[in-house]
Amino acid sequence: MKPILIILLISSQIFSQVIRKQVSLESPNARCYIWNTGVFDQDMRTINTPGFEWPKNSGKFANFTCGLTIACLVNGSIRTGSASYSGEYAPGYIIDSSGHPLPKTDSTFRHYKVVKGDNAYTNYDYMNWGRVVPYGAPYIDVNNNGIYEPLIDTPGVKNALQTVFICITDGFPGNHSTSEGFPGGTLPLNAEVHLTAWTYEYSQLQDVQFLKWEVFNKNDSDWTKCYFSYYTDVDLGNTTDDYFGCDSTLRLGYGYNGVNSDGVYGLNPPAFGLLTLKSPVNNEHNPLNFNYTVYFKYPAPCDYDGGGSQGTYNIVRGYKKDGTNHLDPTYFPPKPTKICFPGNPETGEGWTCYNGRIHNCGGLDTGSVQPIISGRSFYMSFGNENYNFNKGDTNSIILAQLIARGSNNRNSVTKLKQLSSYTKDFYSNNYIIDVKQIGTNIPVNYTLHQNFPNPFNPSTKINFDLPKSQRVTLNLYDINGRLIKTLFTSHLSAGEYSYELNEPLLSSGVYFYSLITNESALTKKMMLLK
């Protein structure tokens, strides 16, 4: 059984005024739930129920629960704002009261959700979006004046299918509990968190959901030696055969089936992952160190979560709960590491769950390799001992949760990494996608078609065919062969695609466009005629 905690938050400066609630976030193929306590993916409509449903409406689930935990020192003592099974956050914000942080809440602080096609007359949240714009709710500034204007500006993330927003804080001491799941129960950090979640209906992103946390230190003291960690209890269909892994280059943590048959998903089960698109940064604006650890129900007592606040702090720092190192058994002698299972399940390179693990505790850096029966959860963390989150400072994290299915359980991990690469490119291009898949056939050859119309003014379409999945770049050159701009660069699956070029600032003349892949470079000429 997963930890169960029913939270009733009573009105006062210590407690907030709401009962735990959730709203759904839906992409075309997946559904999750976001709680007002900082937890997502778990479904509270029934007790002890997973909440990342894929495919949507199938009754099949790939993840039980997830959340962002912050762990730091405040005046030398560990404090956490945990979110795993229940969450230590509540709707509200922090004010400065005579130099001291004071949590507050009222009816403004709740979930807000808008869906593409909504308007002020069909959606109450759409009409009232302006109430939470001062707390970070995103919107499209239609007239670019920097001021949110109802009935003019558009609530939500640009081009999103759905957007959910909530402002929460861990500042209410009564919400901090040692029974939270991922051990909490410390004094509050007095964090204010602006959480935005959204999805798109683009064909390449129908199995992807996005979340962003803006974290504010509203305490009267600095947070020192700070770490941010996603706690993730992967239950991929049947819960008894889950394996785990990571790709430290992509900053991707994932769960997959240990065998090629699952009691829920059947043959060729999918792989589920959390992809970090933006890491929190240090005071020099460099990404914080990456740790990836996996914990198990048994048999080593230091190998599973628990251990109070010190155990939690050790876990997010990349150790076992008693401070013992994780050991990579593919080295001799075993190598201490803070990144577990970084190998490739499909090729067998490096350390994967198939290699087993070492049950060392008590500070030992030796032990025998034991097979893995089943995992419990993973923790993907960012931070270091030198990072101080000063009072008044802000940091942000952007995450994509995604799922992919391949030709077998191990190939599903490869497909998940390919989807992750595409999603990272999408993020790097400021969430803009101009490439659309226009056919389901797998082409035999690489083909770059002539743009149409040609001549054009100022827009035209460029179609191309890819016989295999790979990274693709489309460049635009002038008549002398000088690069004008890279129109896009992204990882695309095999298929037929169309790109819409719209360049109203270009002058009339002859231009060249080139499709560049690992195996070919194709170029054609076009004419802009104004």
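Me: What makes strand E33 (residues 470-477) and strand E34 (residues 483-492) a pair?

Reply: Strands pair if DSSP finds at least two bridges between them, and here 8 bridges join E33 to E34, which run antiparallel. Strands themselves are DSSP runs (E, at least two residues), and helices are runs too (H or I, at least four), numbered from the N terminus. Keep in mind that this is a predicted model, where local features need pLDDT of at least 70, side-chain atom pairs count only at pLDDT 80 or more, and totals for chains, interfaces and linings use all residues. Residues are numbered from 1 along each chain as its sequence is written, and side-chain values use heavy atoms, with hydrogens and water left out.

Me: Why is the pair of phenylalanine 210 and tyrosine 431 called edge-to-face?

Reply: Rings of Phe, Tyr and Trp (its six-membered ring) pair if their centres lie within 6.5 Å; planes under 30 degrees apart count as stacked, over 60 as edge-to-face and the rest as tilted. These two have centres 6.0 Å apart and planes at 85°, so edge-to-face it is.

Me: How do you know whether phenylalanine 210 is buried or exposed?

Reply: Buried means under 20% relative accessible area, exposed over 50%, partly exposed in between (1.4 Å probe, protein chains only). Phenylalanine 210 has 0%, so it's buried. Tyrosine 431, with 17%, is buried as well.

Me: What makes us say that the charged end of arginine 410 sits over the ring of tyrosine 354?

Reply: The rule wants NZ of Lys or CZ of Arg within 6 Å of the ring centre and within 35 degrees of the ring normal. Arginine 410's charged end is 3.7 Å from the centre of tyrosine 354's ring, and it counts as sitting over that ring.
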